[in-house]
Amino acid sequence: MNIFIMGAPGSGKGTFSSRIKEEFNLNHISTGDIFRENIANETELGLQAKSYTEKGLLVPDEITNNMVKEYLSHLADKKNGYLLDGYPRTLDQAKAFEEMTKGTDLAVEKIVVMDVPFDELTRRITGRRLCKKCGAIFNIYSKPPKTEGVCDECGSALTQRKDDNEESLKVRLDEYAKNTEPVIAYYEEKGMVSRIDASKAIDAIWPELKETLKNK
Ligand code: ADP
Ligand code: ZN
């Protein structure tokens, strides 16, 4: 199964990606995670991406497309398909991806869109805290860790993403409205999109999301 998961910043893409990946045994590719990893390791790609991601701007299509192409060619288990998280985010990326996967079994089959009202997104993003060690995600308002600043799962210190501040968030939401909503409309016209009401609690969303992926 080949899936795109789409949604505004704070819509729960990261949280649900890890559940989907486990449930359906998929290769998970998160372009945001790849950029953050490369920035942390100060690679060439990281240097190219850094000035954009910190401000909340999209990284130029050419850089992003090449990176995705590279990852696709190294999928651990091609037969199981993928969950692509954070890509495509522009119409040019969507077209480039179609080009890359044409005539292969890597063409996208399902697109889930996590829908959350814009005012709820701000609370989620500014309250978000992450464990770098084990990947657990907390929120100081809605899902606080038992001890402030410490991961419940592994005891490591929690961190905040550099772009999880109000200023960068505004830019990210603008980018989403301007560039990514047209991508959703493009796939909606092809009848490939399932919209999930992601404003509810995580445990209320998950059964619906799972069923949607199984049935469609
Ligand atoms: P968000 O939480 O805002 O949805 P991600 O973690 O998916 O963000 O991505 C973080 C940042 O990485 C983006 O704001 C952008 O700068 C960059 N990025 C991720 N995916 C893409 C993409 N497909 N095209 C361009 N830039 C991207
Ligand atoms: Zn942890």
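The zinc ion (ligand 2) is coordinated at 2.3 Å by the SG atoms of Cys131, Cys134, Cys151 and Cys154, where donors are N, O and S atoms within 2.8 Å of the metal (3.2 Å for Na, K and Ca) and water is not among the atoms, so sites may look incomplete. The angles among the 4 donor atoms run from 100 to 117°, and the site is tetrahedral, a label given to four donors if all angles lie between 85 and 135 degrees. The spacing of the donor residues in sequence is C-x2-C-x16-C-x2-C. Cys131 lies in strand β5 (residues 128-131) and Cys154 in the loop between β6 (137-139) and β7 (158-159), so this pair ties together parts 23 residues apart in sequence. Strands (E, at least two residues) and helices (H or I, at least four) are DSSP runs, numbered from the N terminus.

The model is predicted; local features need pLDDT of at least 70 and side-chain atom pairs pLDDT 80 or more, while totals for chains, interfaces and linings use all residues. Residues are numbered from 1 along each chain, chains are lettered from A and ligands numbered from 1 in the order written, and side-chain values use heavy atoms, without hydrogens and water.

Ligand 1 is surrounded by 18 residues, counted as near if one of their heavy atoms lies within 4 Å. Helix α2 (residues 31-40) gives the most to this shell, with 4 residues. A polar side-chain atom of Thr31 lies 2.7 Å from a nitrogen atom of ligand 1, and a polar side-chain atom of Arg172 lies 2.9 Å from an oxygen atom of ligand 1.

Definitions and conventions: A polar contact is a pair of N or O atoms within 3.5 Å; within protein, one must be able to donate a hydrogen and the other to accept it, and residues adjacent in sequence count only if both atoms are side-chain atoms. Four donors count as tetrahedral if all angles lie between 85 and 135 degrees; four count as square planar and six as octahedral if opposite donors are over 155 degrees apart and all others between 65 and 115; anything else is irregular.
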